[in-house]
Amino acid sequence: MIRTEISFLPLLYAAVLLTAILALWLTGAWREWRRRRREWREMGQCRLCATWVRPVTGAELWRCPSCRALNERTVPADL
Ligand SMILES: [Zn+2]
């Protein structure tokens, strides 16, 4: 059995609690980052008016809703 002093227990409790909160926060932030990255990969930018739209999935060509130009489906390289 590990022997500790009673004054060490609140410090140990706080360390375990803060570690658990940090782990939950990091997990949530990582999930949010992945969700946003997936959303950006599904979006396309019109090459004529630079509007970001979510094109129909699976279609190679999609039409911009604001200027009606045909655009190719491309994946942004900086994500
Ligand atoms: Zn457009």
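The structure is a predicted model, in which local features need pLDDT of at least 70, side-chain atom pairs count only at pLDDT 80 or more, and totals for chains, interfaces and linings use all residues. Residues are numbered from 1 along each chain as its sequence is written. The mean pLDDT of the chain (pLDDT is the predictor's confidence in each residue, from 0 to 100) is 88, and 94% of the residues reach 70 or more. Where pLDDT is low, the predicted coordinates should not be read in detail. Among the elements of the chain, helix H1 (residues 8-42) has the highest mean pLDDT, at 94, and strand S1 (residues 44-45) has the lowest, at 88.

The chain contains 1 helix and 4 strands; helices (H or I, at least four residues) and strands (E, at least two) are DSSP runs, numbered from the N terminus. In sequence order the pattern is α-β-β-β-β. The radius of gyration of the chain is 24 Å, well over the 12 Å that the globule rule gives for 79 residues, so the chain is more spread out than a compact globule. Here the radius of gyration is taken over C-alpha atoms, and the globule rule is 2.2 Å times the number of residues to the power 0.38. Along the principal axes, the C-alpha atoms fill a box of roughly 75 × 20 × 20 Å.

Burial was assigned from C-beta atoms placed from the backbone: a residue is buried if 20 or more other C-beta atoms lie within 10 Å of its own, exposed if 12 or fewer, and partly exposed in between. By this criterion, 4% of the 79 residues of the chain count as buried. Contacts were defined by C-beta atoms, placed from the backbone, that lie within 7 Å of each other. Of the contacts between residues at least 6 apart in sequence, 22% join residues at least 24 apart.

Helix H1 comprises 35 residues and reaches 51 Å from its first C-alpha to its last, close to the 51 Å expected at 1.5 Å a residue. The expected span is 1.5 Å times one less than the number of residues in the helix. H1 is hardly covered, as the count of buried residues among its 35 residues is 0. Leucine 22 lies in this helix and counts as exposed because 10 C-beta neighbours are found inside 10 Å. The C-alpha atom of leucine 22 is separated by 35 Å from that of valine 53, 31 residues apart along the chain. Tryptophan 30 is also placed in H1 and is exposed because it has 10 C-beta neighbours inside 10 Å. Between tryptophan 30 and threonine 51, 21 residues apart in sequence, the C-alpha to C-alpha distance is 27 Å.

Threonine 4 is located in the segment before H1 and counts as exposed, with 10 C-beta neighbours inside 10 Å. The C-alpha atoms of threonine 4 and arginine 68 are separated by 72 Å, the two residues being 64 residues apart along the chain.

Methionine 43 occupies the loop between H1 and S1. With 12 other C-beta atoms within 10 Å, methionine 43 is exposed. Not counting residues up to four places away in sequence, methionine 43 touches Trp52, Val53 and Arg54. Methionine 43 and arginine 54 are 11 residues apart in sequence, and their C-alpha atoms are 4.4 Å apart in space.

Alanine 50 is exposed, with 10 other C-beta atoms within 10 Å. Arginine 68 belongs to the loop between strand S3 (61-63) and strand S4 (70-72). Arginine 68 counts as exposed, with 10 C-beta neighbours inside 10 Å.

Methods. Two residues are in contact if their C-beta atoms, placed from the backbone, lie within 7 Å.
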